[in-house]
Amino acid sequence: MATSSRQKPPFLYVIDEDFVPFDRGDEQEGPESAVPAGDPDEAVRLFHYYRRLMAQILGYEEELPEPASEEDLAAVEEKLGVVLPPDLRALYGIADGDGNLVNPLFDRQEWLTLSEIGDQDDEWLDIAREWQHEPWRQTVFDTQPPNTVRRSPLRTGWIRFAFDTGGNWLAVDMDPGPNGRPGQVIKVGVDYTNGPTYVTDSVTTFLRRLVEALERGDYRRHDKSLWIDADLPDLPGEHTLYSDDRPSHARAIQAGPRVQEVRVVDVEDCAFLAAVPDVCSLALSSKGSPDLTPLGGLPMEYLELDVEWADLTAPARNRELRSLSVTCTRPVELAPLHTVPNLWALDIAAAPIADIATVTELKGLRYLEVTQDQWRELSELDNLPPLAVVGIHPHRPERDWPLSTAWVTIYDELPSPTA
């Protein structure tokens with residue numbers, strides 16, 4: 001018996017395996033000050049004092065490995081193509097990492113030897129970028145303080161020097177954002193794919209926070225181990241999510257001043273968005289057709305609409321929009337999207353489109369999600385954008401909210417109209 005179209009799974013065709021989602025951090029400006037905030041002499045003094053305080057508390061002093069040589073430091077910097085900040089460099093002149101210490105010196109995170117720097121396994125990032133995980137729906141959020149760290153999951157200028165053994169690292173940021181400083185300490189890794197966390201302005205300040213915690217008595221002993229409560233950021237940066245049924249301006253304000261992600265249902269009026277001016281990821285669901293005018297002034301990069309009908313004129317005024325997903329019951333016109341300069345991902349599989357030929361004019365598109373019928377119609381047209389990935393549903397998808405699809409992924413094969 002032939003399989004009906006409704007029984008066929010959705011197929012994701014990866015046409016260009018080398019294409020990866022655009023990195024928002026590449027578009028940000030560098031820092032106003034290129035001078036590191038750390039002080040190598042102060043870092044060395046704090047390091048020795050910190051070790052003495054630990055020895056007094058524990059009743060013994062652990063032996064450090066031998067220092068790294070100047071030749072070793074120069075070789076690592078040549079390999080990385082980045083000069084280490086002076087304060088971290090000075091610490092490697094005391095010891096080449098933690099060795100086998102019971103108490104790792106960087107807040108229970110193992111200080112890496114120079115030979116380990118730059119040799120980390122980044123499979124976690126490759127997995128996050130796999131197309132079946134729908135990276136076009138993901139946003140890398142800004143950390144606190146704003147614009148200190150570039151909005152990337154990982155960069156070559158982030159030199160990871162301490163490891164938590166669980167897939168996360170401390171790194172010195174030698175490629176900071178416009179409000180950052182070279183040598184600032186950040187957290188990156190498997191738990192930080194939605195945005196790195198700013199920790200301190202330098203390794204020097206990191207050590208100072210540890211010393212101050214020991215002096216205050218903010219620590220706990222566990223047999224031979226010492227747990228220090230230095231009040232340093234540990235978990236992924238809080239980008240602040242506002243999630244609500246029937247959202248209101250008052251409740252949006254209560255969510256905090258730095259809301260960057262909004263997920264709301266049963267929306268009747270979009271005026272509440274004035275209370276979240278920094279939102280860059282918005283998922284909005286309504287049983288009706290709310291006025292989308294307030295969306296035009298927001299820095300949205302990802303927009304997910306599930307409404308009866310959508311006028312895309314206002315969202316299209318948003319120059320930051322990168323990825324758009326539309327679910328509607330009434331036909332939608334794509335023509336306003338001509339004015340969106342950065343749009344590279346479009347999901348129209350769950351919407352009837354009044355002007356499907358407009359897709360051929362959206363030359364920046366690299367990802368497109370459509371139904372089999374929509375793709376058949378598009379395939380009859382000339383000059384499609386240079387698509388890297390195409391998702392094709394056998395029929396209009398009925399997906400739970402938030403959107404997610406169980407894809408069958410096919411590489412190196414172009415989708416045909418009759419596939």
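**View 1. The five-stranded open sheet of the predicted model.**

**View 2. Pairing of strands E4 and E5.** Strand E4 (residues 168-173) and strand E5 (residues 184-189) run antiparallel and are joined by six bridges. Within this pair, Asp-173 is placed opposite Gln-184 of E5.

**View 3. Helix H5 across the five-stranded sheet.** Helix H5, which spans residues 203-216, lies across E6, E5, E4 and strand E3 (158-163). The direction of H5 makes an angle of about 70° with that of E6.

**View 4. Packing of helices H1 and H5.** Helix H1 (residues 40-58) packs with H5 at an angle of about 30°, and the two axes are 9 Å apart. Angles under 35 degrees count as roughly parallel, and H1 and H5 are therefore roughly parallel to each other. Their crossing is left-handed. From H1, the contact is made by Glu-42, Ala-43, Leu-46, Phe-47, Tyr-49, Tyr-50, Leu-53, Met-54 and Ile-57. From H5, Thr-204, Leu-207, Arg-208, Leu-210, Val-211, Leu-214 and Glu-215 take part. Twelve of the residues in the contact of H1 with H5 are nonpolar, one is polar and three are charged.

**View 5. The ten-stranded open sheet.** A further open sheet consists of ten strands in the order E9-E10-E11-E12-E13-E14-E15-E16-E1-E17, with mixed pairing. At its edges stand strand E9 (241-245) and strand E17 (408-411), each with a single partner strand, so that one side of each is left without a neighbour in the sheet. From one strand to the next, the twist averages 10°.

**View 6. Strands E15 and E16 with helix H7.** Strand E15 (residues 367-371) runs parallel to strand E16 (residues 389-393), and five bridges join the two. Glu-369 has Gly-391 as its bridge partner in E16. Helix H7, formed by residues 372-379, lies across E15, E16 and strand E14 (345-350). The angle between H7 and E15 is about 115°.

Conventions: Residues are numbered from 1 along each chain as its sequence is written. This is a predicted model: local features need pLDDT of at least 70, side-chain atom pairs count only at pLDDT 80 or more; totals for chains, interfaces and linings use all residues. Side-chain values use heavy atoms; hydrogens and water are left out. Two strands pair if DSSP finds at least two bridges between them. Helices (H or I, at least four residues) and strands (E, at least two) are DSSP runs, numbered from the N terminus. Contact means heavy atoms within 4.5 Å. Axes are lines fitted to C-alpha atoms, for helices over the stretch in contact, and angles run from 0 to 180 degrees between N-to-C directions. Angles under 35 degrees count as roughly parallel, over 145 as roughly antiparallel, 65 to 115 as roughly perpendicular and the rest as oblique. A crossing is left-handed if the near helix is turned anticlockwise from the far one by less than a right angle, and right-handed if clockwise. Ala, Val, Leu, Ile, Met, Phe, Trp, Tyr, Cys and Pro count as nonpolar, Asp, Glu, Lys and Arg as charged, and the others, Gly among them, as polar.
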